[in-house]
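Hi,

Here is the structure I promised to pass on. Have a look at it first, and then read on for my notes.

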Amino acid sequence: MHKVYCTYLPDGTYYIGYSSKMGEAYEKYFGSNKQILESVKSGEHCYTKETLFESPKKAEAKIQEFLLQWENRHDPRMLNDMINVRLRMSYLKDFVPIEWKPRSPDQ
């Protein structure tokens with residue numbers, strides 16, 4: 001299963017990511033952002049993660065990740081800085097994007 005998730009940091013910033021990890025590996029994974037990786041490695045983090053989208057099709061999850069990052073690109077709270085999408089259009093004929101907005105920092 002391919003997932004799109006949002007990791008929320010205590011300061012109200014967030015990271016939108018993709019993962020195909022399952023079970024405990026997915027539960028322990030919060031993203032590839034440098035700040036997130038360093039604090040997870042040190043064991044000093046208080047992150048929460050919300051799964052936004054799941055699909056058996058990798059292409060659908062990757063395009064959903066891209067769309068959410070693109071839609072939120074002007075939000076100074078979003079930590080994402082890299083976009084990397086190269087997908088076969090024929091795999092996305094039945095794809096329907098989700099509607100989503102990040103939580104406010106006080107949630």
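To start with something to look up in the viewer: does tryptophan 70 count as buried, partly exposed or exposed? It counts as partly exposed, because its relative accessibility is 42%. Please keep in mind throughout that this is a predicted model.

Three strands make up an open sheet in the order 2-1-3, and the pairing is antiparallel. Its edges are strand 2 (14-19) and strand 3 (48-55), each of which pairs on one side only. On average, and with direction ignored, neighbouring strands are turned by 20° against each other. Helix 3 (residues 58-71) packs on this sheet and touches strand 1, strand 2 and strand 3. The direction of helix 3 makes about 165° with that of strand 2.

If you want landmarks, histidine 2 stands opposite serine 55 in strand 3, and tyrosine 5 stands opposite threonine 51 in strand 3. Towards strand 2, tyrosine 5 has glycine 17 as its bridge partner, while valine 4 has tyrosine 18. The hairpin of strand 1 and strand 2 has five residues between the strands, and in it glycine 12 takes a positive phi near 95°.

How enclosed are these strands? Seven of the seven residues of strand 1 are buried, so the strand is largely enclosed by the rest of the structure. Strand 2 is also largely enclosed, because six of its six residues are buried. In a regular strand, side chains alternate between the two faces of the sheet. In strand 1, His2, Val4, Cys6 and Tyr8 point one way, Lys3, Tyr5 and Thr7 point the other way, and all are buried. In strand 2, Tyr14, Ile16 and Tyr18 point one way and Tyr15, Gly17 and Ser19 the other, again all buried.

Next, the aromatics. A search of the whole structure turns up seven aromatic pairs. One of them is tyrosine 14 with tryptophan 100: the ring centres are 6.2 Å apart and the planes are at 75°, so this pair is edge-to-face. This pair links distant parts of the chain, with tyrosine 14 in strand 2 and tryptophan 100 in the segment after helix 3, 86 residues apart. Both tyrosine 14 and tryptophan 100 are buried.

Phenylalanine 66 and tryptophan 70 are stacked, at 6.2 Å centre to centre with 20° between the planes. Both lie in helix 3, four residues apart, which is about one turn of the helix. Elsewhere, ring pairs link Tyr5, Tyr26 and Tyr29 into a cluster.

Lysine 49 lies over the face of tyrosine 26, at 3.6 Å from the ring centre. The charged end of arginine 88 is over the ring of tyrosine 91, 5.8 Å from its centre.

Have a look at glutamate 60 too, which is found in helix 3. At 11% relative accessibility this glutamate counts as buried, because the cut-off for that class is under 20%. What does the side chain of glutamate 60 make a polar contact with? The partner is the side chain of serine 55, at 3.0 Å. That serine is the residue standing opposite histidine 2. Leaving aside neighbours within four places in sequence, glutamate 60 is in contact with Phe53, Ser55, Leu92, Asp94 and Phe95.

Finally, the two ends of helix 2 (residues 34-42). At its start, a side-chain oxygen of asparagine 33 reaches to within 2.9 Å of the backbone nitrogen of glutamine 35. After helix 2 comes glycine 43, whose phi is positive, near 80°.

Methods: Residues are numbered from 1 along each chain as its sequence is written. This is a predicted model: local features need pLDDT of at least 70, side-chain atom pairs count only at pLDDT 80 or more; totals for chains, interfaces and linings use all residues. Side-chain values use heavy atoms; hydrogens and water are left out. Two strands pair if DSSP finds at least two bridges between them. Axes are lines fitted to C-alpha atoms, for helices over the stretch in contact, and angles run from 0 to 180 degrees between N-to-C directions. Contact means heavy atoms within 4.5 Å. A polar contact is a pair of N or O atoms within 3.5 Å; within protein, one must be able to donate a hydrogen and the other to accept it, and residues adjacent in sequence count only if both atoms are side-chain atoms. Rings of Phe, Tyr and Trp (its six-membered ring) pair if their centres lie within 6.5 Å; planes under 30 degrees apart count as stacked, over 60 as edge-to-face and the rest as tilted. Buried means under 20% relative accessible area, exposed over 50%, partly exposed in between (1.4 Å probe, protein chains only). A charge sits over a ring if NZ of Lys or CZ of Arg is within 6 Å of the ring centre and within 35 degrees of the ring normal.
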